[in-house]
Amino acid sequence: MPTMNASHSTATLLPPGIAVGGDPGSELTRRAHREGPHAYRGAFARDAARVLHARAFRRLAGKTQVFTRLANDPPGDHFRSRLTHTLEVAQISRTLALALGLNTELTEALALVHDIGHPPFGHAGEKALDGALRAYGLGFDHNLHALRIVTWFEERYPAFRGLNLTLGVREGIIKHSRDYDAGEHPELVEYFLDRRPPLEAQLIDLADEIAYLTADLDDGVDSGLLNLEQVRQGVSLFRRFHDAVLHEYPGAGSRVTAGEALRRVLNALVTDLLNEIRRRVEEAEITTLDAVRDASGRIAGLSAEMEAERAQAKAFLYANMYNSPGMEEEHWHAEQVVAGLFAALMADPGLLPADHHAQIPSQGLARTVTDYIAGMTDNFIEQVWARVSGQ
C-alpha cells in the first residue's frame, strides 16, 4: 500500500487491515485478461492512468456538470464541467484516503472513473435518455454504462477490448454510490453484490457530494443564478463561516469572502466525514476489510448533525438552482435534443456510425442508440441533432 505521508499521525489512521491491499495476485487486483505486473507501478495506479488516458475521460471536458452557460449567453469559461468536477472529487478522495490510511491508488482510480458513464447535458440529459429507454423496457444507469465503457467501448490495446481494469476498480464503479440486487442484475454477480464495498469505494460517494455541494454554490453565485444573501439565508453552514470571514476580513470583496467561506465549508465537511468514519469503525470494532464488507450498513457517512446541514444545503440547491426558472430552458432544451435524436436514430438506424451499427445484432437497437448518445459531448450532440433534424 502507498506509504503514509510523514505529516500524518498514526493515531489518526484506521486499523491497517481495513485498507484494500494492492499485492499482485490478490483477488481485487485480478484482471479479466491476464497481465504481468508492472516494474514500478501498482495495479490500481495503472488503472488510474488507463482511465486518465481514455477517450471517454477526455470527453468529460465537454459534458455539463450543472450548466456551462445560461440561456442566451455564450458558454462560461469558469463554470465546472464534468471533468473539472471529477478532478475535484479525486483531490478530496485522495486526501480522505491518505488521512485514514486507506489505499490511495485505488481511491484515486475510483474517483477518476466515477462519472465516466454520464451522458451529455448533465442530469437533464440522463433523465431524458432514461425516459426514452423506458418505452423499450430498458433504462439508463450511468454506473452500469461506465462499466460498459471500461470493459468494452474503449479500444486501446491489441490484446483485448476495454481497459482491462482490476476487479477492485470495476466493483467500485458499480457499487460506490448504490447497491444492486443480484436477482435484478445477474450479469453483475462477480462484484460481491451481497457485500458492502470497501471503504475506498464508499468514500467516493461522499467526496462527490462534498465536491458538488460546494462547487455548485460557488458556480451558482458566480453565475448570478443565486445571490449571496439568498445563500446566507438558505444554507446555515455557509452563513456561519461567512460571518466569521466577514469579521476577519471586513475590507475584502464579496466574491473573495464567499470563496473563503465555501473553502471552510468544504473543509468542515471533509473533517466531519473523517471523524465520523473513525468513530464508526471504533464503535463497531472493525479491524479488517471483511468486517467492512459484512457490516450492516455503509461505514462512510457524516455525523447526524453535519448530515442535516448537508441535506439543507442540497435542498436549497434543488429549490433555488437545479429546478429554478433560470434552468428550465436549459433542461427543456436538453430533453428535446436527447429525446429527439433518440427517436430519429431508432427510426433510421442507418444514421448510426458503422462501429455502432455493428453492435445492433448483439446489443439491440435501443441500447446501441443509447450507447451512441451517451458517449457524446454537449457540443457534438448539438451538431448531430442539427444535422439530423435539419434545424
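Biologist: What makes the radius of gyration of the protein chain agree with a compact globule?

Modeller: This is a predicted model. With 391 residues, a compact globule would have a radius of gyration near 21 Å. The protein chain has 22 Å, so the two agree. Along the principal axes, the C-alpha atoms fill a box of roughly 60 × 55 × 40 Å.

Biologist: What is the secondary structure of the protein chain?

Modeller: The count is 18 helices and zero strands.

Biologist: How many of the 391 residues count as buried?

Modeller: The share is 52%. The protein chain still exposes about 18000 Å². Carbon and sulfur atoms supply 52% of that area.

Biologist: Why is Leu-102 called buried?

Modeller: Buried means under 20% relative accessible area. Leu-102 has 3%, so Leu-102 is buried.

Biologist: Where does Leu-102 lie?

Modeller: Leu-102 sits in the loop between helix 3 (82–100) and helix 4 (104–113). Its C-alpha atom is separated by 6.7 Å from that of Glu-200. Along the chain, Leu-102 and Glu-200 are 98 residues apart.

Biologist: What share of contacts joins residues at least 24 apart in the protein chain?

Modeller: Take contacts between residues at least 6 apart in sequence. Of these, 70% join residues at least 24 apart.

Biologist: How do you know where empty space is left?

Modeller: A probe the size of a water molecule is rolled over the atoms, and that shows the empty space. Here, a search of the whole structure finds two cavities of 30 Å³ or more.

Biologist: What makes a space a cavity?

Modeller: A 1.4 Å probe fits there but cannot get out. The largest cavity holds about 60 Å³ of space.

Biologist: Which helices each supply at least two residues of the lining of the largest cavity?

Modeller: They are helix 8 (199–223), helix 11 (254–284) and helix 13 (304–322). Lining residues include Leu-213, Leu-269 and Ala-313.

Biologist: How many residues of each class are in that lining of the largest cavity?

Modeller: Seven are nonpolar, one is polar and two are charged. Leu and Val count as nonpolar. Leu-217 and Val-235 are in the lining, so both fall in that class. Glu-309 and Arg-310 are also there, and Glu and Arg count as charged.

Biologist: What is the volume of the second largest cavity?

Modeller: The volume is about 30 Å³. Helix 2 (55–59) and helix 6 (142–153) give two or more residues to its lining. By class, this lining has four nonpolar, four polar and two charged residues.

Notes:
Residues numbered from 1 in each chain as written. Predicted model: local features only at pLDDT ≥ 70, side-chain atom pairs only at ≥ 80, totals over all residues. Heavy atoms only, no water. Helix = DSSP H or I, 4+ residues; strand = E, 2+ residues; numbered from the N terminus. Buried < 20%, exposed > 50% of the residue type's maximum accessible area, 1.4 Å probe, protein only. 1 Å grid on protein atoms, 1.4 Å probe; cavity = no way out; pocket = protein on both sides within 12 Å on 5 of 7 lines; lining within 4 Å. Points joined across faces, edges and corners; volume = space filled by probe spheres on them. Rg over C-alpha atoms; globule rule 2.2 N^0.38 Å. Contact = heavy atoms within 4.5 Å. Areas by Shrake-Rupley, 256 points an atom, 1.4 Å probe, with all protein chains shown as cover.
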